[in-house]
Amino acid sequence: MSLSNSPASSLSRLLASTALLAASLSPAFAQTNDSGQEEAGGDDFHNDDAIVVTAPYLERLDILAGTSVLTGDQLTNDLRGQIGDSLTKLPGISSTSFAPGSSRPVLRGFQGPRVRVLTDGIGALDASNTSVDHAVTINPLTAQRIEVLRGPAVLLFGGDAIGGAVNVIDKRIPRDVPDEAFHIDAIAGYGSAANDYSIGGSLDVPLSDTLVFHVNGAYRDTGDTDISGFVLAPELRADVLAQVAEETEEGNLDEAAELAETADQQDTIANTASRTVSAATGLAYIGEGGNIGFSVSYYDTNYGVPARPGAEHAHGDEDGGEEEEEEGPVTIDLEQIRVDLRAGVNLGDGFFESLNLRAGYSDYEHTEFEGDEVGTVFTVEGIEARAELVQNERNGWRGVIGTQLLVRDFNAIGAEAFVPKNSVESIALFTIQEIDLGNFEVEVAGRYDSTDISSNIVSFDRSFDSVSGALGLAYAPDESGLKVGVNVSRSERAPSPEELLSNGPHIATQAFEIGNPTFTTEKSLGGELYARWNSEGIQLSATVYANIFDDYIFETATGAEEDGLPVFQFFQQDATYYGVEASASFVVGRAGGFEFVTDGVADFVRAKIRNGGGPVPRIPPLRLLGGIGAQSDAIDLRAELEWSDSQNRVTTFETPTSSFTMVNASAAWRPLGKNGGVTLLASANNIFDVNARRHASFTKDFVPLSGRDIRVSAKFSF
C-alpha cells in the first residue's frame, strides 16, 4: 500500500483539496441558515459549559459510550504536567507515572497502543506510544475539557482503542466568534512538592462577524519531586543492600559505598525536574453555512528520567571490546511543531447534514542525553486526517460515515536506537449509527483498518487488515432517570512497530527491549453491562466488563540481561480481562446557600494470560475514592480520601506493590460570583505525606508519587 511519498506531501495535497472544497462550497456558507455551531458564551479558560465537539452529531453519545469528563474547577485542581497524572481521580483510570515529565493514562488496565490519546479528535502525532518514557505533547494547561470515551463510539477514533480514548479539547482553532472586542482566559499556579510554577493564557479577537483570531501560550517549570521516605521500594532496597554486603565482603568498598548511597536516597527523587513551553496561534472563519480554520502550534519540554538502580551497561570501546562507562543522568529534550486544520460544511436537509474535516501534521524530535552526551535522537513526521459525513436525524435514526488516514515516519538515530527506522501507513473506513426507539436505543458501529508497516533497515514490510464492530442496546423507563444497557464488541488491532521490531538497549527505560516480527493481529471479544441513574440530587453508575483476547501482545521481564540491562521482551498469547467500575454522588442536604454533597468512585480490574501464563504485568489494584463537599455560587469546599489496595498478583520478575491511603482537601472561591470570571483555588494533596506507588508504572519501584503537595492557583476569564 502506498498512500503518499511522505507525510508532508500528503498534507500539501490535503490542504489543496480542502481549499478547493471550501471555494466550491462558499455559496453554501452564505445560503444555509443552520450554522451547526454552538452560540458564543463558552468562554472560561476551563469552562463548565464547554462545547462537546468529539461527535456533535450524536446527541446522547455520553449515555451509550460511558463518557467521563474533566472540566471547570475540577480540571484546574487536578492539572499536572502530563495528561496521565491529570485523570487519575476518574473511574477506571490510572497512570503510567513513569516520571513527572512523562505519564500516559491507563484505562481499565490497558495502556500503550490500546489507549488513544487525542487532541480534538485526532492523535497527538508524537512518540509517546513508542515508549513509556516519552512525553505526550499535549499541555493540560491549555485544555478546556478532557473527555474519556468508551463503548461503541470509540471505533470512530481507532479499532486499536480497546481500552478507550482520551480526547483533549482546546481552543487553538476557535469555535466561536466572541461578542466583545477581545476575550482573555488565563491561569497561574504553584505546587510545593516540586516547586512547580505554571502560567498559561489565551486571547481571542474577532476580526469581523465571521472571522476570529486566537493565540495562546503556557509555561511550566518544576524542580525535583519531594516524596515521603525512601526512593526505593522495600523489595528493591533490600536487594541493593544485599549487594552492598556482597561488595563489602569482596573488598570492593567504592562500589559498596555507591550502592549504599543509592539505597539510602530519600525525601527527593533526583533528576525529575522539568520545563515545558507551548504556544499556538489560530484563525477561523465561522459562517452560517460552515466553518474553516487552522492553527500552528509549538511544544517544547525538557525533563529528567530517574535512574533505575544497577542499570549501568556496556558500550563498545575503540578496540571493539566492551567497557562499562559511568554515565550521567538521562534527560530528554523534546520539540514538536504542529499544523492543524478543521473544516465543516452544512449540507442542508438531505440525507447528510454536514461534512466535517479534521487534519494535523507534526514535525517531532526528541533527544535522549546521557549527561551532556547525546545518546539517541528520535524523530517523527506524521499526518493524521479524518473526514466525516454526518447524517440528518430521521425518525430517531442518526449517524456518521467516515474515513481516516495516518502516515507516520519514525526514525531513531544513535548507538541505542532500540527500534529501527520505520514507516506506518494506515487507512480506515468507519460508521456509527444510532436508532432511538422510545424507551430503547440501539447503537451499531463498524470499522475497517488497512495498515502497512515497513522498515528498509531490517527488510521488513507487512500489511495487516483489521475489522472491528460493536453493538449497544440501552433501555430507559420513562421519567425515571434510570438507564440500563449492554455493549458487545469485536476489536482487532495491528501490532505496533515497537512490538514487532524492537531489538536493542534503551537508555531512558534502562532496559533491553525485544519485539517479534512474526506477530499477527490482536483480537478481542468484549462486553459490558451497565446501569445508570440520574435524578434530582442523585447520580449512580456501575459497569461490569470483560475482554477475551486471542493473540494478546504484552511486554514482560525475562530475567535475562543484555549489555548489563534487564531484558524486556514482547510475547503473544491469549488473555482475559474483567473488571468493574462505579461512581456515585448524593446531595445530602442544603443550608445557608450551600449544597452538601458526598460522592465516591470504585474500580477494579483483573487480567491474566491464559493457559498458565499468570497475571498480566502492571495491572492496577482495587481502588476506592470518596469525598464530601459543600458547594455554593461563591465557595466550594471538599475533602477526599483515596485508598489503593496492594497488588500481589504479579508476573515473574515483577514486584508487588503495597497499599496506600491518601487524604486530600481543596477549596475554590469565586469573589465576583459564579459567573464573575475569577476563581481562586487552593488544595492540599497527600496531606499525611505517605509513600505511595502506582502498580501500573514501569518505574514504580524507584519513582514513588509525590509527597505532601500544597497547590494554589487562580484563573481568570474576561
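Mentor: Helices (H or I, at least four residues) and strands (E, at least two) are DSSP runs, numbered from the N terminus. This is a predicted model, in which local features need pLDDT of at least 70, side-chain atom pairs count only at pLDDT 80 or more, and totals for chains, interfaces and linings use all residues. Residues are numbered from 1 along each chain as its sequence is written, and side-chain values use heavy atoms, with hydrogens and water left out.

Trainee: Where is Asn271 placed?

Mentor: Asn271 sits in the loop between strand S12 (266-269) and strand S13 (274-286). Its phi is near 60°, a positive value in a residue other than glycine.

Trainee: Why is Asn271 called buried?

Mentor: Buried means under 20% relative accessible area, exposed over 50%, and partly exposed in between (1.4 Å probe, protein chains only). Asn271 has 18% relative accessibility, so Asn271 counts as buried.

Trainee: What makes Leu125 buried?

Mentor: Leu125 has a relative accessible area of 10%, so Leu125 is buried. Leu125 lies in the loop between S5 and S6, and its phi is near 55°, a positive value in a residue other than glycine.

Trainee: How do you know that strand S6 and strand S7 pair?

Mentor: Two strands pair if DSSP finds at least two bridges between them. Strand S6 (residues 145-149) and strand S7 (residues 164-169) have 5 bridges, in the antiparallel sense. Leu149 has Ala165 in S7 as its bridge partner.

Trainee: What is the order of the strands in the open sheet?

Mentor: The 5 strands run S1-S6-S7-S4-S5, with mixed pairing. Strand S1 (68-71) and strand S5 (122-123) stand at the edges with a single partner strand each, so one side of each has no neighbour in the sheet.
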